[in-house]
Amino acid sequence: MRTWVLLPLCSVLAFPGLSEGRIVKEDEKGFAECNRFFYEGTPPEGWTEPFHVKICQRFGRGERFATLYSTRHKIPVYSAFRYSKPGGSREETWMIEPQLDDPHSDLEEMMQEAEAAGSIPNLGSQQALNKDYLDSGFQRGQLYPNSLNSNDFQAATFTLTNAAPMTQSFMERWYRSVESIVERALTPQCGNGDQLYLIAGAVPAAGRVGDAVAVPEFAWLAACCGLPGGWSMGFTKQAGDGDVVEDVMLRDLEQLLPSRPRLFRNNCGEADQDTEKMKKILEMVNQVQDEERRGQAYPGTQPLSTMRSLKSTQEQSELLREEEEEEGQEGQEVGKDPSLLRKGAGLVTTPFAKVFQLLYYLVWGTVKNLFSCLEYVIRQLLNALWGGVNGLCSATLSYFMAIGEELVSIPWKVVQVLVRIIWGFLHILCCLLKSICRILSVPAGVLVDIASFPVYTLGAIPTVGKDIALGLGGSVSLLWDATFGVFGGLLQGLLNICSRIGYKFSPDSSGE
């Protein structure tokens with residue numbers, strides 16, 4: 001684990017307006033501007049408790065990571081972040097979020113606890129405070145370790161909304177494990193971390209710190225590589241001092257978490273994931289686990305080379321101590337013997353013996369280290385050779401499988417092409433016949449009309465003559481009826497006149 005360096009606390013106080021952790025409103029989508037810390041801009045699904053608060057952690061007018069915070073357990077459910085260039089560990093002032101206890105507070109977001117103590121009446125009712133950790137035996141363990149980033153990213157991680165109670169040993173191993181896994185196993189297999197999405201969380205247990213802050217049952221880390229042909233992986237670390245980080249598949253990790261969430265959209269492109277890269281990741285994770293186990297056997301050690309050098313140094317010290325004791329015993333025996341010859345011999349031979357023993361131990365230590373290095377190099381060469389052979393076999397098998405699929409599909413494709421050719425030929429032939437029929441149907445209709453014209457013409461003559469005769473007869477009959485009517489009317493009129501005149505001049509009428 002990197003050495004902790006204490007820096008002046010005025011680094012944050014000198015720029016009070018730079019630290020900012022914005023609480024995301026309910027009507028905003030996801031984590032608002034902090035959605036960029038999630039794969040395809042989609043936060044995990046499944047955590048919908050009313051006591052969960054979404055925080056967009058900001059610093060220096062920029063987004064740094066996103067946190068889902070549990071006001072019931074007063075620890076973060078998870079913190080989501082992107083890989084950035086790591087820097088040295090540092091100590092900063094721990095900040096709190098005033099808006100958690102008072103949503104209507106006009107104080108600046110993310111500030112020191114002492115500055116908010118007199119302005120927030122219920123400070124600490126919805127979040128953890130620094131005083132909760134006093135004399136508790138637990139440290140403020142960051143889910144998003146500050147050692148995974150540099151500059152202002154580091155300062156943004158020193159907020160209690162990114163911390164959970166951890167023992168000193170568990171916190172150190174958690175930081176060391178996450179740092180080693182991310183930098184040595186995950187980043188090299190994801191384009192140096194350009195598209196590496198990370199989510200670190202803690203599952204609360206029944207225990208509490210100060211009857212307020214939940215102690216994690218275990219911490220977890222989920223990783224997703226957003227590059228084409230990427231991968232996904234999960235890791236867990238139990239709270240026990242003797243437990244090391246364990247690798248799990250992403251779906252298995254989701255089953256271990258409360259509410260069975262969906263951490264990454266489409267399971268981080270599960271259908272197109274690169275299994276070869278996942279194998280390389282697991283190989284490196286196994287090395288990290290072995291180093292962590294050795295670190296437990298030799299407390300305070302980290303790399304394997306450092307452990308070996310310390311071990312050889314310890315062996316040399318013990319051997320030198322045994323030699324000094326033997327020499328002391330010899331000196332005592334010589335002191336008992338009054339012979340000056342033995343004293344002189346002891347004084348002369350002792351430096352040469354010590355030089356000889358020192359050279360012996362140096363040579364022996366060098367040979368041991370050379371053999372250890374040779375063993376390590378041979379193991380790495382064998383791993384590389386095995387990985388190359390395995391990759392070559394997998395590629396060859398995939399190549400032949402692809403060729404076999406193409407060869408099997410050739411007959412079916414040939415049949416499809418032949419059917420389409422025949423169908424096209426028949427369609428063309430049908431269209432040609434229709435065109436010929438339409439062309440031939442034009443003169444045939446004309447000839448039929450010409451041939452039928454005389455028949456229709458001659459057949460109409462009797463009918464026309466009959467109609468003419470009927471018309472003439474009707475005209476004559478009408479003229480006769482008219483003439484007869486006119487003359488009959490005139491005759492009738494004359495008779496009426498004559499009858500009137502004769503009645504007037506009759507003898508009977510005159511005598512009167």
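Cys-190 and Cys-225 form a disulfide, with their sulfur atoms 2.2 Å apart, where a disulfide is defined as a pair of cysteine sulfur atoms within 2.5 Å. In general, such a link is a covalent bond between the sulfur atoms of two cysteines. The torsion about the S-S bond of Cys-190 and Cys-225 is about 95°, so this disulfide is right-handed. Cys-190 lies in the loop between α5 (168-186) and β9 (196-209), while Cys-225 belongs to strand β10 (residues 213-225), so the pair ties together parts that are 35 residues apart in sequence. Helices (H or I, at least four residues) and strands (E, at least two) are DSSP runs, numbered from the N terminus. Both Cys-190 and Cys-225 are buried, a word that stands for under 20% relative accessible area, whereas exposed stands for over 50% and partly exposed for what is in between (1.4 Å probe, protein chains only).

This is a predicted model, in which local features need pLDDT of at least 70 and side-chain atom pairs count only at pLDDT 80 or more, while totals for chains, interfaces and linings use all residues. Residues are numbered from 1 along each chain as its sequence is written, and side-chain values use heavy atoms, with hydrogens and water left out.

A search of the whole structure finds three disulfides, and the table sets out their values.

| Pair | Sulfur to sulfur | S-S torsion |
|---|---|---|
| Cys-34 and Cys-56 | 1.9 Å | about 70° |
| Cys-190 and Cys-225 | 2.2 Å | about 95° |
| Cys-224 and Cys-268 | 1.9 Å | about 85° |

For Cys-224 and Cys-268, the torsion of about 85° means that the disulfide is right-handed. This pair links distant parts of the chain, with Cys-224 in strand β10 and Cys-268 in helix α7 (residues 266-269), 44 residues apart, and both cysteines are buried.

The disulfide of Cys-34 and Cys-56, with a torsion of about 70°, is right-handed. Cys-34 lies in the loop between β1 (19-23) and β2 (52-59) and Cys-56 in strand β2, so the pair ties together parts that are 22 residues apart in sequence. Cys-34 is buried at 0% relative accessible area, and Cys-56 is buried at 0% as well.

When the bonded cysteines are numbered in sequence order, the pairing reads 1-2, 3-5, 4-6.

Cys-430 is partly exposed at 38% relative accessibility, and Cys-431 is partly exposed at 36%.
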